[in-house]
Structure formats: structure tokens, C-alpha cells
Amino acid sequence: MRKLAAFDCPVQTTPRLVTARVIHTVDDADSTASAMLTDAGRILALGSLAECETAAARLGLEPERVDLGDAVVVPGFIDAHAHPLMFGQLMTWVDCGPEKAASIPEIIALLKDAAAGLPAGRPVRGYGYEHRNLAEQRHPTRFELDEVATDREVYLMNASGHGGVVNSHTFALHGVDRDTPNPDGGEYFRDADGELTGEISDAACNILTGVHGVKIGHHGPNFHLADEPEEHLRQLDAATQRFLAGGVTTIGDAQVSRREFDMYLRLAEAGRLELRVSMYLLSHLLDDALDMGLVGQFGNAYLSFAGIKLYADGTLGGWTAYFPDGYVGDPCRTGQLYHEPAEYAELIRRAHGAGLQTATHAQSPTAIEMVISAIEAALADRPDADARHRIEHCGLPTPEQIQRMASSGIRPVNQTQHYFNWGEGVEQAIGTPGERFNPLGEFEAAGVPFTISSDAPVAEPIPLEAIQTAVTRVTRRGHRLGPDDLRVSAHAALRAHTYAGAVSIGREDDLGSLELGKYADFAVLSDDPLAVAADEISGIRVLETWVDGELRHRAA
């Protein structure tokens, strides 16, 4: 029997008085301070050094002094939509992203090097390529992956996380040939002669994950491949350190199955849960949640259940988001919906009726319409002015849909690093409407509070990069996406990655800003993101990350 692990007890045992060049509280008054008093993981005073010293004396404390010099303090970043276990797993794969490979031959070379160091028969797995970032402007083929190995599986995951490319051996191992029909909700891509190219998407990835991984009836993609529990724990540990290095102190895990839930419990039991996690259960577990009476948030300061995650359509990066008239870049592709509208509306009705927050992945206007209509109907049945239903990614809402989101209190959770990494590809996929991808400025103008997150591993958890991209809308290649009215200020972007993230996961009473009584979760930066030039924000270094009043990460 596992013993109760009281892992939510305050870690901090020594009171501290922290001083810095400036402390951005990101509170409603947008105030600043130069000193902060903390004890037992909470903030006891903010203001000048003299004011905090007076507060310490009044409370009978003799705090340890932490002088951060010319550094700048901001609230710990909240990554309200990420996939930590998948991120940790991919960290054990071969990084084939744009920083590592700019062409298909470079990818093949990376995978060959990895294969040479693996035991015979061990699969070769790579991740992170985005075909529009490659010199060839196309996906690799199975024949090119055959150059890596013909006696073992080779899988190269697309940056979108919704598919990739496999070698011929993988198809042969699983009995897939040119006559194999596409699975419901996925595709084995073929060339003009009907021959398999090697590219697979969504439910076709069942050959890798098993039938419970991606199929439509499982309510959305789960591309994590099964490893032993101890290996999964090591993967989560590694991912945690990357989040902390970016200044992230709280995560919203937007795809929790029984496996993720078990891993978090094991981490907590072992005392290895170093940041805060709010879990969103995949919607195929809705019946289980309702049967157990999980009709609201529960948990503790470190691990909590927040709501239900659903999928409306696929991804823009992988061209599986639903555009019924086809993609400009490939009219034969339409993408897909994960549910018929009536089925989806019933899921939303049941979750909302039980008081549960929902978070739905939706990218295309058609998918977003399905989500908004379902939420409007659920709110009409049971009014709730603070339901906080979320639309994840919310890539291309129409102006009319944005107004309805404002009226219904729907919160978009966006990932600006998506268009930093492959924003040009959205225009190639669907034409000039793609320049509106993630229209933060339009959300702000309509009074829709938006949240910025990473979607790691689709993007690295680097909040300062995400903030800079929200301010500039300039991609990795230097292309500016859309007009200036889609941009937001550095202050708005910082708030979107801190306080707004806390509101989106239902934790604003104790997280998201630096205020009296809240948890002492903060990031220490080498410069001020609200004072430097917009194109210099991502160059700011995260020097330290503190959780619960204790130092959790220090940059080398």
C-alpha cells in the first residue's frame, strides 16, 4: 500500500527578504516593488526594502537576505497548455528541429548517427522537423528513412505532434501496404501512383501507439509511446528541469490519461514534483470522472485536477485541422473533425452540467464554430458567468466568433511560438487568411482575455520567446505575420503568460501575480522584458526560478 505523501507542505523553512532592480507584480494595479518578504512559501510583504524590513520586524522574523542585484523579478510563468510526459519522452529521441537540421539529408545523417549507437533492433525515433522549414519544402519519404535502417522501426515525428514519417520496415512490421484502407480519423499518405509515401497522420499512428493511442473513439490523439514506469518518471524529471529553466513554475497538462495521472502520483510520492501541475483529463475519461464524482477542481498546491480536455479538429502545422473545402496548398486534404457536432455538444453539455471546465483543441473556423455553439447551448441550459471554458490554440476564429467568445466568457489559450516556428506555413496551407493566425490583438480589442503557453513539445517552454513573438509577430525566418493590429504590448503578453494563465487553470487566488498571501513563485531575469526593445525580449536570460519560496533552478 502506498503511504500518503504530504508533498504539498511548504518547502521553505527560512524566511527571506529578496531585493532586485525591479519586481513586476503583474497585479491589477500593475505595481512594482524593489523588495519582497517571503516565508513558508508565501509572500508576506512587497514594496521598498525599508517597508519589507518593517514588516519582518513586526512579524518577529529575521529573514535571510537574497540580493539579486540588477536582476528583474516577474511572477513564475504559467504554461497553461503543455504535454510534459510527451516532452520528456521526446527529449530521449533525436532532435531534428530547425536548429539541428535544415534539410532532409541532414535529418538522415542525424538519425543514422543515432542508429549506430543503438542496440540491434532498437527503434530509431526523431522529432521536431517541420517540412516548410526544410530546404526541400516537403516531408521526407519512407525511402529516405530506409537509408537509416531497414531492419528496425524508424519514426520521424512532425513538429505538430499529429503525425510524421515511418520507414518501409515499420509498414511491413504492422502489415500496412498500398491496399490497406485508411483508419477512421487518420491517413496513410500515398503518391500519385497510389504508393505509400511513408507519411502518416492522426489515427494512422495507431501502428506505433496501439489502438488506444489516437483513434477517434478515444477522443483525440495521444502520441506518447509506452515505456516502463521508471523510464517515464525519468522523462518527467528531465522535462521538469526544462520548464524550470524557462522560468515556468506551473503547468496545465492538457492531455492526461491514466498513464500521466499515475506518473504524477508516483513523482509526488517520491518527492520529485518540483513545480505545480493542473491536470486536464482526456474526454474519453469523462464518464469515469463523473462516476467518481469529480465535478469540480480538487487537489493541493502541487497537483490538482482542473477539467476535461477535448479535441474538435487536428493541427494546422500537420494540415489535419478541418477545412472542408480543402487546403490551398493541397486541395485533396481537408483535415478532420474528431466528433460530429451533436456528439461533441453532448459531451460539452454533460461536462458543463456537472460544473466542469472544458478545454477544447480547435484550429479552423469550422471547428471553432462547433465549440462555441456547443458552449453557448450548454450555458443556455445552465447559466454560469464564470465557467471559463477554454479553446486551445484557437488559431483562426472569425471576428464574429471572437465577439461571441467575449459574450460567453470563453478563454483562448494560444501558442505564439507556433507562428514563430512555422507561421509562413499557415499562409501556404490556407492562403492569406493564415496571416491572422492567433489574432491576439483582435482578442484584446474585443475584451477576450487570452493566455499564452508553449504546447511543449510542439515548442520549447521558453516564455520569453513566446512573449517576444506576441509583441512582434515575426517568425523564425524574419517574416512578419499580419498587420500591426494583431500584435499586443509586452505588458499584455507578460500578463498572458502569468496571471491570465492562472485564471485559465482556476488558480488566480494563489498564483499568477506577486501579491500578499500568494505563493512565492517567481522567475529572476537578466533584464526587464517591459523595458528592452521588442526584438530583444527573447535574449533575456532566466537566471533563477523559485517555487514555494525555494530556489529550484539556477542557470549555469
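**Close-up views of a predicted model**

**View 1. Asp 237 and its contacts.** Leaving aside neighbours within four places in sequence, Asp 237 is in contact with Leu 267 and Arg 272; contact means heavy atoms within 4.5 Å. This is a predicted model: local features need pLDDT of at least 70, side-chain atom pairs count only at pLDDT 80 or more, and totals for chains, interfaces and linings use all residues. Residues are numbered from 1 along each chain as its sequence is written, and side-chain values use heavy atoms, with hydrogens and water left out. Asp 237 sits in helix 8 (residues 229-245). Helices (H or I, at least four residues) and strands (E, at least two) are DSSP runs, numbered from the N terminus. Asp 237 counts as partly exposed because its relative accessibility is 22%. Buried means under 20% relative accessible area, exposed over 50%, and partly exposed in between (1.4 Å probe, protein chains only). Glu 144 lies 93 residues from Asp 237 in sequence and 34 Å away in space, C-alpha to C-alpha.

**View 2. Helix 11 against helix 12.** The axes of helix 11 (residues 341-353) and helix 12 (residues 365-381) come within 9 Å and cross at roughly 40°. That makes helix 11 oblique to helix 12. Axes are lines fitted to C-alpha atoms, for helices over the stretch in contact, and angles run from 0 to 180 degrees between N-to-C directions. Angles under 35 degrees count as roughly parallel, over 145 as roughly antiparallel, 65 to 115 as roughly perpendicular and the rest as oblique. The crossing of helix 11 with helix 12 is right-handed. A crossing is left-handed if the near helix is turned anticlockwise from the far one by less than a right angle, and right-handed if clockwise. Helix 11 contributes Pro 341, Tyr 344, Ala 345, Ile 348, Arg 349 and His 352 to the contact. Helix 12 contributes Met 370, Val 371, Ala 374, Ile 375, Ala 378, Leu 379 and Asp 381. The residues of this contact divide into 10 nonpolar, one polar and two charged. Ala, Val, Leu, Ile, Met, Phe, Trp, Tyr, Cys and Pro count as nonpolar, Asp, Glu, Lys and Arg as charged, and the others, Gly among them, as polar.

**View 3. Helix 12 against helix 13.** The axes of helix 12 and helix 13 (residues 399-408) come within 11 Å and cross at roughly 30°. The two helices are therefore roughly parallel to each other. Helix 12 passes helix 13 in a left-handed crossing. Pro 365, Ile 368, Glu 369, Ile 372, Ser 373, Glu 376 and Leu 379 of helix 12 make the contact with Gln 401, Arg 404, Met 405 and Ser 408 of helix 13. Five of the contact residues are nonpolar, three polar and three charged.

View 4. Two strands pair if DSSP finds at least two bridges between them. Strand 7 pairs with strand 8 (residues 124-129) in the parallel sense over two bridges. Tyr 127 in strand 8 is the bridge partner of Asp 95.

**View 5. Backbone in two loops.** Most residues other than glycine have a negative phi, and most peptide bonds are trans. Between strand 20 (451-452) and helix 16 (463-472), the loop holds Pro 457. The peptide bond from Ala 456 to Pro 457 is cis, with omega near 15°. Asp 455 is in the loop between strand 20 and helix 16, with a positive phi near 65°. Asp 455 is buried, at 5% relative accessibility. Asn 438 lies in the loop between helix 14 (416-430) and helix 15 (440-446). Its phi is positive, near 55°. Asn 438 is buried, with a relative accessible area of 1%.
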